[in-house]
Every structure is written in C-alpha cells, then in structure tokens.
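Work through the exercises below with the sequence and the structure open beside you. Try each task before reading its solution.

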Amino acid sequence: MDGFLDNRLDRIRAAGNYRELAGSVDGVDFLSNDYLGLARTQVQGKLSSQSFVTQPRLPAGAFNGRITGATGSRSISGDTDQYHAIEQMIARYHGNPAALVFNSGYTANLGLLSALLKRTDTILYDELIHASCRDGLRLGMAKAIRFPHNDLEALSELLANGGRPDGQLFVLTEGRFSMDGDLAPLAEMAALCQQHSAHLIVDEAHSGGIEGEGGAGLVAELGLQEQVFATVITYGKAFGAHGAAVLGSAALREYLVNTCRPFIYTTGPAPAQWEGIALAYERMAALHGERIVLLRQRIQQFREGMAAAGLSAALMNAEGPIQILHLPGNDRVMAAEAACREAGLLVKGIRSPTVAVGEERLRICLHGFNAKEEVEALVGLLRAGFSSSGGWGLGGRSK
Ligand SMILES: Cc1ncc(COP(=O)(O)O)c(C=O)c1O
C-alpha cells in the first residue's frame, strides 16, 4: 500500500538527503541550541535574584498535581489567569507592551505571518530566513520578495519601490541567523523601515536569551521595541525550555488572538510548558550574566584556535555561539560530521537543499558549559581533517 513511499525515499537517499532519528547519542555537545546550558540547570533556591523584579511569584507547586493537558484551545478551555500573568511578565522582560505565547517557534512564525499577510500586502524578506518563516510566507497571501542576505542597499531600493498603495509593507529578518550565525544590521533596518513606513518583523530564535541584558534579545539591546512591529522569541534554544512568544503592541496581540489559525485551532500549551517558560525566565534572569561570560570565552578560544590552525578562511565571520565551517558537498560535509562523531564530538553537517548547493557546512554550536579541552580537541580534529588529502579536507573529494 505504501510502496510509492519507498520510491520517494530512494530518491531522497540518492540525493544524499536522507535523515534518521538517532535516538540517544553520547558525546560532547557541539550540537544543541542550549547555548547557556539552562536546559540542564536544576532550579535551586538560590535563583530568586533581587534583580528580577518582574517575575510574578507563582505559588509553590502552582502547576503540580494538577491536570496535565490544556484541555482545549486557549480560546475555549485552555486559558488561565496565571498564563496571562506570565505573558505580562514576558512583555515587561523584553520591554514590549504585550506578548502572546505559542506552542513553538515554528507555530509562532507560521501563525504570525499567515495571519498578517493579506493579498494586497508586500513583504521583503532576507534570503536566509528560517523554514518556519518561509512556510508562513507560503500560507500568507502577500507578494513576497527576497533580498540578498543583510544587504541594506538592496533592501533600501526595494523599500523605495514600495508596496501596493492599498496594502501594508513588511520586512522580515532574523536577529542572529541560524545557518550563518551572523547578526542582522537591525538598527539600520529599523531606520529604513521607519523612513518607508514599513513594519519590521524580527525572529529572535538565536539572539533571544543571548544578546542584551538578561538575554532580552537584540531588539531590546538596541532599544528598538517601538520601531519593531513584531518580535518572535523562542524558548527551545538559549532559554532551555519550549515554546515561543510574539512580542508587540496590545493591538497585535488582540489581532492574533482573533485571526491566527495556528493559535486558535490547536490545543493550548500544557501547564507543564507554561511552568517551564516561567522557570526559564527565572533562570535566565539569575544566570545570564555569568553564563554569557563563559560562552564568550569558548567562542574566543575556538576562533583563535581555528585561526592558529590556518582555518580562518573556511570559517564564517560570526562572533556568536553558532560557528560555521564551509565544507562544500553533501558527501564531504557528512564525512566530516561522521569523523567528529567517531571522536565523540557532536557537530551537525548541514546539507543542500537546507542550504544552497555549494554552501554545505559544518554547524558548530558552542556552549558556556563546553570545557576548554573539548574545544581544543575539536579544533585539533578539524585541523587534521582539513590537512588530510584522502578524506574530507581541502585535498579531499568534494561533490
Ligand atoms: C530562526 C529560527 N526560527 C524559528 C525556529 C523554530 O523554533 P522552535 O524550534 O521553537 O519551533 C527555529 C528552530 O530551529 C529557528 O532556528
């Protein structure tokens, strides 16, 4: 009955794009988005930091021993006063008027974009935006025009052309790009948007929890809350939890509650997920200051080590926790991933078509908890791999 799937899977294998779920893997984590190690941090008494004045104190055990599911959409039976208090706390933490929590970052981007984009609207988007944003654009009705990555001149030209007079003009970018690891020039983009009456949307999946005081994000760090129309903060990465919030005006929140199908037509986040998000903020407020210092040390060590190994040219110029090493060719990048894994160092090979053909790369996520020796071992292995002539290095085979 499902024989046709075998044919399709064969084609995926032949293209070198077959994916397998690995189950538990053992090794040094250069793979996860838990940049500050908050997902592996037990919450202990020391956490109620004085500086975290915005945290609503949840009664002890507020979520314990209660129902395990939301029981319905938040529009029906899945809402409580506590969830509203958590959303108000989130909005204050990032310096925005309002926040709306979603089940995941994927759903937040899909929901926000599909609800906003009407047939008469135009959206200009960075060519490297995440798959969740792309899917949101596909579900939305607007004319979508991409601009070259972080290219302010191209964006400015497109903005000058404007959108339809009877529609809205939007610009979409990420704070820190998930596959290149670099930051968007947000201050300049916000100024351009203001000049052309365009609404700026920023996905802060990889800058939320890292940039800004207390990990409030790049928009908050630059004080752009009033110029940015919508910001998406996700909780599955530096926050070490699960879910996402769309930050913006009270009107935006109200509009999404009324029109956003991936928010309305799904069971709301479970009580445990809300608890996880509230605790994540408590941990972030208490630990961001010390953890970000450790993370920056590891980033500096890695980049200096790669420079000393003569590998700077293959390394993307990005100063954040996502370090990108170019290794063109799906076979070659997967061989490099396998060699690292064999040595107990877990990195991720990114193949085409996730990135463009010829842009295949190793994605190395650094963490505050990575030991100095672990980073040394990784740099040593990459240096050896690059200098080998029969393997995946520069002298090796590239497809
Ligand atoms: C840039 C970006 N946006 C959104 C998402 C989706 O977030 P979530 O994993 O919470 O669904 C991701 C996840 O990888 C991402 O990298």
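**Exercise 1. A residue in a helix**

Task: Find the element that holds Met284, decide whether Met284 is buried or exposed, and list what Met284 is in contact with.

Solution. The model is a predicted one.
Step 1: Met284 is found in helix H10, which spans residues 271–308.
Step 2: A residue is buried if 20 or more other C-beta atoms lie within 10 Å of its own. Met284 has 24 C-beta neighbours inside 10 Å, so Met284 counts as buried.
Step 3: Leaving aside neighbours within four places in sequence, Met284 is in contact with Leu38, Gly209, Gly214, Gly215 and Phe239.
Step 4: Ala216 lies 68 residues away from Met284 along the chain, and the C-alpha atoms of the two are separated by 9.2 Å.

**Exercise 2. A residue in a loop**

Task: Repeat the analysis for Gly268: where is Gly268 found, and is Gly268 buried or exposed?

Solution. 
Step 1: Gly268 sits in the loop between helix H9 (261–264) and helix H10.
Step 2: The count for Gly268 is 24 C-beta neighbours inside 10 Å, which means that Gly268 is classed as buried.
Step 3: Not counting residues up to four places away in sequence, Gly268 touches Ala70, Ser73, Arg74, Gly78 and Asp79.
Step 4: One of these, Ser73, is 195 residues from Gly268 along the chain, yet 4.8 Å separate their C-alpha atoms.

**Exercise 3. The order of a sheet**

Task: Give the order of the strands in the open sheet of 7 strands and name the edge strands.

Solution. 
Step 1: The order is E2-E8-E7-E6-E5-E3-E4, with mixed pairing.
Step 2: The edge strands are E2 (98–102) and E4 (143–147), each of which pairs on one side only.
Step 3: On average, neighbouring strands of this sheet are turned by 20° against each other, direction ignored.
Step 4: For a parallel pair, take E3 (residues 122–126) and E5 (residues 169–174), which are joined by 4 bridges. Within this pair, Tyr125 stands opposite Leu172.
Step 5: Helix H4 (residues 131–139) lies across E3, E4, E5 and E6, and runs at about 160° to E3. Helix H8 (residues 250–259) packs on the sheet and touches E2, E7 and E8; the direction of H8 makes about 30° with that of E2.

**Exercise 4. A strand with two partners**

Task: Describe how E8 pairs with E2 and with E7, and state which residues lie on each side of E8.

Solution. 
Step 1: E2 and E8 pair in the antiparallel sense over 5 bridges. Ala98 stands opposite Gly248 in this pairing.
Step 2: E7 and E8 also run antiparallel, joined by 5 bridges. Here Thr234 stands opposite Ala244.
Step 3: In a regular strand the side chains alternate between the two faces of the sheet. In E8, Ala244, Val246 and Gly248 are on one side and Ala245 and Leu247 on the other, and all are buried.

**Exercise 5. Two domains**

Task: State the bounds of the two domains and describe the contact between them.

Solution. 
Step 1: The domain assignment gives domain 1 as 20–37 + 290–387 and domain 2 as 70–269.
Step 2: Their centres, taken over C-alpha atoms, are 28 Å apart.
Step 3: 13 residues of domain 1 are in contact with 13 residues of domain 2. On the domain 1 side, E9 supplies the largest share, 3 residues. By class, that side has 9 nonpolar, 3 polar and 1 charged residues.

**Exercise 6. Around the ligand**

Task: How many residues surround the ligand, and which helix gives the largest share of them?

Solution. 
Step 1: The ligand is surrounded by 14 residues, the closest being Ser104, Gly105, Tyr106, His130 and Ala205.
Step 2: Helix H3 (residues 105–116) contributes the largest share, 3 residues.
Step 3: Sorted by class, the shell has 3 nonpolar, 9 polar and 2 charged residues.

How values were computed:
Residues are numbered from 1 along each chain as its sequence is written. This is a predicted model: local features need pLDDT of at least 70, side-chain atom pairs count only at pLDDT 80 or more; totals for chains, interfaces and linings use all residues. A residue is near a molecule or strand if its C-beta atom, placed from the backbone, lies within 6 Å of it. Helices (H or I, at least four residues) and strands (E, at least two) are DSSP runs, numbered from the N terminus. Ala, Val, Leu, Ile, Met, Phe, Trp, Tyr, Cys and Pro count as nonpolar, Asp, Glu, Lys and Arg as charged, and the others, Gly among them, as polar. Domain bounds come from an automatic or database domain assignment. Two residues are in contact if their C-beta atoms, placed from the backbone, lie within 7 Å. Two strands pair if DSSP finds at least two bridges between them. Axes are lines fitted to C-alpha atoms, for helices over the stretch in contact, and angles run from 0 to 180 degrees between N-to-C directions. A residue is buried if 20 or more other C-beta atoms lie within 10 Å of its own, exposed if 12 or fewer, and partly exposed in between; C-beta atoms are placed from the backbone.
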